[in-house]
Amino acid sequence: MSNLGITPRATDYSEWYNDLVVKAGLADHSGVRGCMVIKPHGYAIWENMQRALDDMFKATGHVNAYFPLFIPKSYLSREAAHVEGFAKECAVVTHYRLKNDPDGKGVVVDPDSKLEEELIIRPTSETVIWNTYAKWIQSYRDLPLLINQWANVVRWEMRTRLFLRTAEFLWQEGHTAHATWDEAEQEALTMLDAYRRFAEEWMAVPVLTGVKSEGEKFAGADHTYCIEALTQDLRCLQAGTSHHLGQNFAKAFDVKFQTAEGREEYVYATSWGVSTRLIGTLIMAHSDDKGLVCPPRLAPVQVVFVPMGKEEALRAATIEMADRLAGEMRALGIRVHVDKRDKESPGFKFNDWELKGACLRVELGPRDLEAGTCVVARRDTGEKSTLSLEALVAETPGMLETMQKALYDRALEFREANTHRVDTWEEFERMFEGEAGPGFVLAHWDGTTETENAITEKTKATIRCIPLRPLDPGDDAPGACVLTGKPSARRVVFAKAY
RNA sequence: CGGGAUGUGGCUCAGCUUGGUAGAGCGCUGCGUUCGGGACGCAGAGGUCGGAGGUUCAAAUCCUCUCAUCCCGACCA
């Protein structure tokens, strides 16, 4: 009995998160340290995300390609700043052969198979890609080069959380080359905006867009843009990044092109990515103590039918009706499931599908069949309504849209209620006291890394971003740094980060 | 990489102090009764107690080493 249900959020938020991910069948811990198994139900969310994002990339002129998993060690040494960022968490391949253990059972690494040059499992692909682009780019006519890849990457993390931080994760990385600084800048901003739209329109998660401070930016970038989401436990979750790499990688890999005027110049670059972490973001934005609440546009199961009936014949009749209606919904492109399990009671199925995040549940019993009606329950509000069977299919898309919008509105309201403006150090410190985060705290900062570090050391708060647009017109007015009192051009966003 | 904890059927755990040849609940399989908010009865299957050494007539239990996982810190999409 005690293993029914999940830990309530109020009891322990991270236990709740773990329970939800595992019990809703999204992912599981694997036997491999730091790595998770993404289960079919979780992978289905990822597939829906991939489809939507990929369409956005294609619509902005990008094409997909695939680059190697292995990176020769020498490549990584080419761009110094970038190495510094990743060196501590790289998996390294040193041998290429196993042999039977001469002393017993099992296999051992064959010492004779040592690689002359070790291979690094990509923590990100800039180096392989720029090594390749150097061969592809000669003329301004080869630009811009707009390529994306869907891939796995490995960062040897010490502490892992399902979806949020694992040693291996799935993501998408776009890598583009441009003739001018401005064009690369435009690209970085375009993709940032694609991420923002994806978060808002598909995930129903409002995000802040901004630029990272020097300390928080991608090592190797000139500057880094990001989208930042707020979780239910009032922490900040970086959901996507878009980097203007300047000419850093072009210089490191000698990627030059000839301009129309015949001059030789280094190209300008961008890279941008989002990962399976988005699934964690989604969960922490909308879900509740009953389980997953998934925005309809990404939900693997948008509608679930629970047919019921005491006697065999009645049950058969409700199943038949459910199948018919489900067929009509599928024709409209709705993702439907008919739960025909015989051994589970309707009550069990209700709870089970709430756990798994089906958006709408259609209860179909003998009494409904007789009356020509059904009961529809909405996952986010729990609200139940009785609909006629004739109206059901036609009204479903509208109900899904309503829920999609309601989730966004609720999340936005939540963020607004948890965004604070703070002007004194006393108040700032108080906000970050205790375990729970305070949400977003907008405060003035003098712009120096020293102050940023000092604030983080004192409060555990980090600068999540410098907003591109003020959330409130007043946020862009000059003020005095919350710690040092030195001049500040605008408010920046502080939060406790995941 | 530091500090703490835990490894016993698929899952959650008891047994370990005081060594004597392995248990419960859930899940699973079969049959029957059930079915509008987490159903029930009966009958079954399933574990060399994380691994390797050691002590002992005898080890899940005691000792040593090792591996793995989880929590708390430092680091991170």
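Visitor: What makes lysine 384 a polar contact of RNA strand B?

Guide: A polar side-chain atom of lysine 384 lies 2.9 Å from a base nitrogen of RNA strand B. A polar contact is a pair of N or O atoms within 3.5 Å, so the pair at 2.9 Å qualifies. This is a predicted model, in which local features need pLDDT of at least 70, side-chain atom pairs count only at pLDDT 80 or more, and totals for chains, interfaces and linings use all residues. Side-chain values use heavy atoms, with hydrogens and water left out, residues are numbered from 1 along each chain as its sequence is written, and chains are lettered from A.

Visitor: How do you know that serine 275 counts too?

Guide: An N or O atom in the side chain of serine 275 is 3.4 Å from a base nitrogen of RNA strand B. That is within 3.5 Å, so it counts.

Visitor: Why are 37 residues said to surround RNA strand B?

Guide: Each has a heavy atom within 4 Å of the strand, so it is near by definition. Arg159, Arg165, Lys310, Arg315 and Asp368 are the closest. Helix H10 gives the largest share, seven residues.

Visitor: Why are S9 and S10 called paired strands?

Guide: Strands pair if DSSP finds at least two bridges between them. Ten bridges join S9 (residues 145-154) to S10 (residues 168-178), so they pair, and they run antiparallel. Asparagine 148 stands opposite glycine 174 in S10.

Visitor: What makes S3 and S22 edge strands?

Guide: Strand S3 (63-64) and strand S22 (419-421) each have a single partner strand, so one side of each has no neighbour in the sheet.

Note on methods: Helices (H or I, at least four residues) and strands (E, at least two) are DSSP runs, numbered from the N terminus. A polar contact is a pair of N or O atoms within 3.5 Å; within protein, one must be able to donate a hydrogen and the other to accept it, and residues adjacent in sequence count only if both atoms are side-chain atoms.
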